[in-house]
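Opened a new notebook page for this one.

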Amino acid sequence: MLKRLLMVALMWLAVGTVAVAQEAVEGTVAEPTVAERIDAAVRPVADAVSGGIFYSVPVGGVQFPLIVGWLILAGFIFTLYFGFINVRGFKHGFDLIRGKYSDPKSKDAGEVSHFRALTSAVSGTVGLGNIAGVAVAITIGGPGATFWMILAGLLGMSTKFVECTLGVMYRLEKPDGTISGGPMYYLSRGITENYPGLRHFGSALAIIFALCAMMGAIGAGAMFQANQAYAQIENVTGGMSNGSLWFGLLYAVLGGVVVIGGITRIGSVTARLVPGMAALYIIGALFVIFTNIGQVPAAFGAIIDGAFTAEGVTGGVIGALIQGFRRAAFSNEAGLGSAAIAHSAVKTKEPLTEGFVALWEPFIDTVVICTMTALVIIITNQHIVGGADGVQLTSNAFATIGDWTPYALAVIVLLFAFSTTITWAYYGAKACSFLFNESKVALYGFKFFYLVMAVVGCTMPLGSIVDIADALLFIMAIPNLIGVYLLMPVVKRALDSYWSRLKSGEIHKVA
């Protein structure tokens, strides 16, 4: 029954979206387009789903989404339970990334190195949230939101540690050497192994997670990212006739060259793409910062003062805190479980090693890149000047040092969007494969459909579809964290064993 429902849903979407693309090209405007009719039909569902998952309660005069509290609470609990692993495991994680403990002659199961597993996961989180989301946080919560955003990123490191350790611990190693892992597997296999009486509960959590991951990937990973990538290109070029369709086709073809090859090819591409695009953005941000070097002390002062006073900000300190926590949670995805799918493919016999490597993911995404964005905006006073929001506000901040910078930012946004698209294709395909008993037909069928939807995403207004996709992504955090809470004693025992073997020299550097 589940397979039939999924196939009917995918066929319905395909038929509808082909018509959408055709109308977009033909320019039909006399009557409501198929896209507008779909939006009108889906809007009530989108509002209900989005309103439910992002249900907010008033805190200090500011609406606080409970799902954000669910994610931040997990970060606090895991940080305390594992003895501030985000601090004491940080250096060891860096050594693992550098290959200090990896034997090149090892025949350990897995498909990619620690470094490539990390870059694959980072490519899924570093995206428009690092540029547009930070601008929104500062616009609403003031400079002080930056402080709380950094704190949330540090807490998210502990969450990623647990998720990614479990991802490797309960991954599925196939006869052909490929790996399938992530929450779908530790929710089903892990809970069954440790709590036999809850095996049906664990399977239900896994199915819910996989369904949300698959559909959320299509909306947020394919359609939204492609749509926003084209919007930035159109913004700086002025667009062209049928430009969205041609851009979408090129975007999908380039994406297909990568995603069809699986995590091995994704890891190979992201190993080059992620450091490069992150370096470009950081260099650009540092250029803005050094151009306004005299404003740096005042900017840090505004961040600290705003975190604990937040005068003139709606909700005061609570408002700044909520916005910082909210944008960090949306950016680094700690608690959603998505990154564990990529990290599970690592070559290792020690699941804990990938947990240590995963500590670096929220650090890079939130503590480094998001903070750079915040400093650029605050130093240039664009949050005070106003007149723009989201990515446009960040673009205006970069434009203060030269008219050429919006073009450079557009290229960076394109890279950020593309990297997110290829990684979420892998996440969604693995979720689909899980639901269809590791079927390769389902795996490649999903990838093809995903790429078609990226084309459609460039040619239509997204509206309610993206609202549903966002909600589905965050629904993933509910079954995922329930399972992680149940399994964290397993990780704690493994961590104690790993530390003792590391200190005794049983686990030692090989390079």
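First pass, overall make-up. I count 23 helices and four strands in the protein chain. I keep in mind that this is a predicted model. Of the chain's 511 residues, 57% come out as buried. I also looked at sequence separation: among contacts between residues at least 6 apart, 83% join residues at least 24 apart.

Next, the core. The largest nonpolar core holds 157 residues, and Phe-82, Phe-161, Phe-356 and Tyr-450 have the most contacts inside it. I checked which helix gives the most to this core, and that is H20 (residues 405-435), with 16 residues.

I then picked Phe-82 and listed its neighbours. Leaving out residues up to four places away in sequence, Phe-82 touches Arg-88, Phe-161, Val-162, Met-488, Val-491, Lys-492 and Leu-495.

On to H8 (residues 145-169). At 1.5 Å a residue, its 25 residues should span 36 Å, and I get 36 Å between the end C-alpha atoms, so the two agree. Of those 25 residues, 20 are buried, so H8 is largely enclosed by the rest of the structure.

Last entry, a helix pair. H3 (residues 66-81) packs against H23 (residues 477-504) at about 5°, with the axes 11 Å apart. Under 35 degrees counts as roughly parallel, so I log H3 as roughly parallel to H23. On the H3 side I noted residues including Trp-70, Leu-71 and Phe-78, and on the H23 side residues including Leu-481, Tyr-485 and Lys-492. By class, the H3 contact with H23 has 16 nonpolar, no polar and one charged residues.

Note on methods:
Residues numbered from 1 in each chain as written. Predicted model: local features only at pLDDT ≥ 70, side-chain atom pairs only at ≥ 80, totals over all residues. Heavy atoms only, no water. Core = buried A, V, L, I, M, F, W, Y, C linked by side-chain atoms within 4.5 Å. Buried < 20%, exposed > 50% of the residue type's maximum accessible area, 1.4 Å probe, protein only. Helix = DSSP H or I, 4+ residues; strand = E, 2+ residues; numbered from the N terminus. Contact = heavy atoms within 4.5 Å. Expected span 1.5 Å × (residues − 1). Axes fitted to C-alpha atoms, helices over the stretch in contact; angles between N-to-C directions. Parallel < 35°, antiparallel > 145°, perpendicular 65-115°, else oblique. Nonpolar A, V, L, I, M, F, W, Y, C, P; charged D, E, K, R; others polar.
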